[in-house]
Amino acid sequence: MGYAQLVIGPAGSGKSTYCSSLYQHCETVGRTIHMVNLDPAAEHFSYPVSTDIRELISLDDVMEELGMGPNGGLIYCMEYPLFLKKTIGTLKTIWMIGWMSNWMVIWMMTILCLIAQIELFTHVPVLRNFVEHLKRKNFNVCAVYFLDSQFVSDVTKYISGCMASLSAMIQLELPHINILSKMDLVSNKKDVEEYLNPEAQVLLSQLNRQMAPKFGKLNKSLAELVDDYSMVNFIPLDLRKESSIQYVLSHIDSCIQYGEDADVKVRDFDPED
């Protein structure tokens, strides 16, 4: 059984910083993880990468050789025929080496850091196909969606972030956790905390105050969608605090049933004299 986090979200939402902090946290607590870069436009990393898709195909090469723009080039890279084969093959190799080295499965997880182009995880089937391949290879996968906490400074931005997250959730059909990142940069945390578990009437009242009357029915539908189904909830993340990182990680572990298939080892102790 393999375990993987699929780290997604808009540009500048803190995905790379999260991966770096998570790697350092796991090193500290003695937990083995493998970082996999699936961003063909990435430049550098502050953590070791087990697999880098740029070794197969990079955005710069596609733009130079095929004359594509950055958006079309990214989609071309992700749809490259060898993309799935190489990535899945590498993940299987990592886990086989782990078993041969007598690593405990409960301490192993793969972090898949993806690109920031929102089209690839909202309405283009590239990532969904990739996820289906992972499932067929016996991986438990969880999508971790990042949204900048400073982006939800008012209700209209919050609704926009919720809809983007919900679109990714529906497209990928995965256990889904939403992270409100960069909480350490928020000056007044009360402005953000009210959106962690919002009430429909409060959202509707705020939307009606900020938008024209003709959007009244739309505002009501959006507020009820967020409230009735409770599908979009956010967990705040402050990377300055180890407890915050551990709290997020515990939610992810629970979401993918991390380590529940591991055998329990019992150590015998001699009775005390």
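A disulfide here means a pair of cysteine sulfur atoms within 2.5 Å. By that rule, the count for this chain is 0 disulfides. Keep in mind that this is a predicted model.

**The chain overall**
- You'll find 10 helices and 7 strands in the chain.
- The chain has 273 residues, and 47% of them count as buried.
- Take the contacts between residues at least 6 apart in sequence: 74% of them join residues at least 24 apart.
- The accessible surface comes to about 14,500 Å², with 52% of that belonging to carbon and sulfur atoms.

- Cys19 is buried, at a relative accessible area of 0%.
- Cys77 is buried too, with a value of 1%.

**Aromatic pairs**
- The structure has 4 aromatic pairs.
- One of them joins Tyr18 and Phe146: the ring centres sit 4.7 Å apart and the planes are at 50°, so this pair is tilted.
- That pair links distant parts of the chain, since Tyr18 is in helix H1 and Phe146 is in strand E5, 128 residues apart.
- Tyr18 is buried at 2% relative accessibility, and Phe146 is buried at 0%.
- Tyr158 and Tyr195 have ring centres 4.9 Å apart and planes at 25°, so they count as stacked.
- Tyr158 belongs to helix H6 and Tyr195 to the loop between helix H7 and helix H8, so the pair ties together parts 37 residues apart in sequence.
- Both are buried: Tyr158 at 1% and Tyr195 at 5%.
- Along with Phe234, Tyr158 and Tyr195 make up one aromatic cluster.

Technical notes:
Residues are numbered from 1 along each chain as its sequence is written. This is a predicted model: local features need pLDDT of at least 70, side-chain atom pairs count only at pLDDT 80 or more; totals for chains, interfaces and linings use all residues. Side-chain values use heavy atoms; hydrogens and water are left out. Helices (H or I, at least four residues) and strands (E, at least two) are DSSP runs, numbered from the N terminus. Buried means under 20% relative accessible area, exposed over 50%, partly exposed in between (1.4 Å probe, protein chains only). Contact means heavy atoms within 4.5 Å. Accessible areas come from the Shrake-Rupley method with a 1.4 Å probe; for residues, only the protein chains shown count as cover. Rings of Phe, Tyr and Trp (its six-membered ring) pair if their centres lie within 6.5 Å; planes under 30 degrees apart count as stacked, over 60 as edge-to-face and the rest as tilted.
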